[in-house]
Amino acid sequence: MFPNAGKSSLLTALSHAKPRIASYSFTEVCFSLEVSVADLPGLIEGAHENKGMGHKFLKHVERTKQLMFVVDICGFQLASKTPVRSAFETVLLLTKELELYKEELLGKPAILVINKMDLPEAQGRLRELEAHLENQEESSHLFPEYVIPKSLMRFMHIISVSATTGLGLPLLKSLIRQSLEEQDVIETESQRNERLLKLRREIPTSLVPSWGFPQLT
């Protein structure tokens, strides 16, 4: 979700949409999975403090059902005078920005998409990133304290792709659909339990036989 990670290129490859690859608020399209996708422009460090267009972009994250982090496998540098961030550090920083803006956003289901796997150095960088992701707590301490979020993001799925060559895109589409369906099942069960609890509160216990309601699971 930082600039130049390939978000708009990825959206184009997934949907055949033509988002503007420039400065804009956000793009929302429905692609072939019949899923509405909001392409949020890249954040910058300090977005939670409204640097750049921070709050204007971040408020759209609140509307989403799930999050999809898109990370450049070769890392990220905002400008020539700013630090070069590795792919793992980028994940930490994105998590930190969301956490500082609104901590409950980290409770949303999330997919990590590692983009630009067509680059020559990508495989070596991927092995390094995978090692960090397997040991997030330990690896996070290798970076400055201001980079480290209080809560580390737990991704439902992690997939490496290339928006340029199409590598991994069919699997990514499948995982998006799968994760949304899994979430719908969880939400439906949760809503069912909430309705049962509400009924139990509203009806006097003396009027309800012991077999009146199914047991909650």
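Where does Lys116 lie? I found Lys116 in the loop between strand 4 and helix 4. Helices here are DSSP runs of H or I with at least four residues, strands are runs of E with at least two, and both are numbered from the N terminus.

**Entry: ground rules.** I am working with a predicted model, in which local features need pLDDT of at least 70 and side-chain atom pairs count only at pLDDT 80 or more, while totals for chains, interfaces and linings use all residues. Residues are numbered from 1 along each chain as its sequence is written, and side-chain values use heavy atoms, with hydrogens and water left out.

**Entry: Lys116.** I looked up its backbone and found phi near 70°, a positive value in a residue other than glycine. Most residues other than glycine have a negative phi. Lys116 has a relative accessible area of 23%, so I list Lys116 as partly exposed. The cut-offs are under 20% for buried, over 50% for exposed, and partly exposed in between (1.4 Å probe, protein chains only).

**Entry: the chain as a whole.** I noted six helices and five strands. From the N terminus on, the elements run α-β-β-α-β-α-β-α-α-β-α. The chain has 217 residues, and 45% of them count as buried. I also looked up its contacts (heavy atoms within 4.5 Å). Of those between residues at least 6 apart in sequence, 65% join residues at least 24 apart.

**Entry: the largest core.** A nonpolar core is taken as a set of buried Ala, Val, Leu, Ile, Met, Phe, Trp, Tyr and Cys residues joined through side-chain atoms within 4.5 Å. The largest one has 28 residues, and Phe69, Ile73 and Leu112 touch the most other members. Strand 3 (67–72), helix 3 (87–101), strand 4 (110–115) and helix 4 (122–134) each give two or more residues to this core. Helix 3 gives the most, with seven residues. Apart from this core lies another, of 14 residues, among them Leu10, Leu14, Val113 and Leu169.

**Entry: helix 3.** I checked its cover and found 13 of its 15 residues buried. Helix 3 reaches 21 Å from its first C-alpha to its last, close to the 21 Å expected at 1.5 Å a residue; the expected span is 1.5 Å times one less than the number of residues.

Entry: Is Ile114 buried or exposed? Ile114 is buried, with a relative accessible area of 2%, and its place is in strand 4. Ile114 and Ile73 are 41 residues apart along the chain, yet their C-alpha atoms are separated by 5.8 Å. Leaving aside neighbours within four places in sequence, Ile114 is in contact with residues including Val71, Ile73, Leu126 and Ile158. With residues up to four places away not counted, Ile73 touches Ile114, Lys116 and Leu129, among others.

**Entry: Ser139.** I placed Ser139 in helix 5 (residues 136–140). Its relative accessibility is 7%, so Ser139 counts as buried. Which residue does the side chain of Ser139 join through a polar contact? The partner is the side chain of His132, at 2.9 Å. A polar contact is a pair of N or O atoms within 3.5 Å; within protein, one must be able to donate a hydrogen and the other to accept it, and residues adjacent in sequence count only if both atoms are side-chain atoms.
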